[in-house]
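Hi there,

Here is the structure I promised to pass on. Have a look at it first, and my notes follow below.

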Amino acid sequence: MPLRWEILHSEKLIHVVAEGEVTLKEMEAHFDALVVANALAYSKLFDATGLKPVYDDADVMAMGARLSAYTSHFPSGPLAVVGHDESVVLAFKRFVNISPSKRPAALFKTEKKARAWLATQAGA
């Protein structure tokens with residue numbers, strides 16, 4: 001599976017690793033799992049260094065609709081994305097722009113910097 005995640009309830013952290021092509025279907029499965037696990041409010045560390053986003057504008061709009069439905073019922077925690085490829089930067093910007101959540105979100109070149117930033121977001 002190109003999108004793997006671990007929900008660390010004791011740390012209130014979700015660590016996601018993307019490797020290869022990630023489609024709308026994988027993103028939807030990820031969002032659904034977070035809701036079922038009651039973890040949407042947790043901090044999210046998304047390692048996108050191996051990500052190859054494979055979704056078009058219609059898929060992005062579908063993700064936005066799903067996120068809108070979730071965030072109208074559940075709080076959403078901060079998001080730190082690690083990646084530097086141009087396609088990852090563009091996907092991050094699109095994702096943040098469509099998300100109705102007002103949560104903090106930032107893009108980093110290293111996991112160490114992402115983790116340090118997430119530590120400052122406690123309670124955000």
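How many cavities of 30 Å³ or more does a search of the whole structure find? The answer is one. Please keep in mind that this is a predicted model.

The largest cavity holds about 300 Å³ of space. Its lining is made up of 26 residues, and those closest to its centre are Met27, Phe46, Leu79, Val81 and Phe95. Two or more lining residues come from each of E2, H1, E3, helix H2 (57-71), E4 and helix H3 (86-98). Of these, H3 gives the most, with six residues.

Now for the sheet. It is an open one, built from five strands in the order E1-E2-E3-E4-E5, and its pairing is mixed. Strand E1 (3-8) and strand E5 (105-108) sit at the edges, each pairing on one side only. From one strand to the next, the twist averages 15°.

You can find both senses around E2. On one hand, strand E2 (residues 13-22) pairs with E1 in the antiparallel sense, over six bridges. Within that pairing, Ile7 has Ile14 in E2 as its bridge partner. The hairpin of E1 and E2 has four residues between the strands, and Lys12 takes a positive phi near 50° there. On the other hand, E2 and E3 run parallel and are joined by nine bridges. Here Val22 stands opposite Pro53 in E3.

Helix H1 (residues 24-36) lies across E1, E2 and strand E3 (43-53), and runs at about 10° to E1. Helix H4 (residues 111-120) also packs on the sheet, where it touches E2, E3, strand E4 (79-82) and E5; the direction of H4 makes about 150° with that of E3. Together, E2, H1 and E3 make a β-α-β unit, and this unit is right-handed.

Happy browsing, and do write back with any questions.

Best wishes

Methods: Residues numbered from 1 in each chain as written. Predicted model: local features only at pLDDT ≥ 70, side-chain atom pairs only at ≥ 80, totals over all residues. Heavy atoms only, no water. Pairing = 2+ DSSP bridges. Axes fitted to C-alpha atoms, helices over the stretch in contact; angles between N-to-C directions. Contact = heavy atoms within 4.5 Å. Right-handed = clockwise from strand over helix to strand, strands pointing away. 1 Å grid on protein atoms, 1.4 Å probe; cavity = no way out; pocket = protein on both sides within 12 Å on 5 of 7 lines; lining within 4 Å. Points joined across faces, edges and corners; volume = space filled by probe spheres on them.
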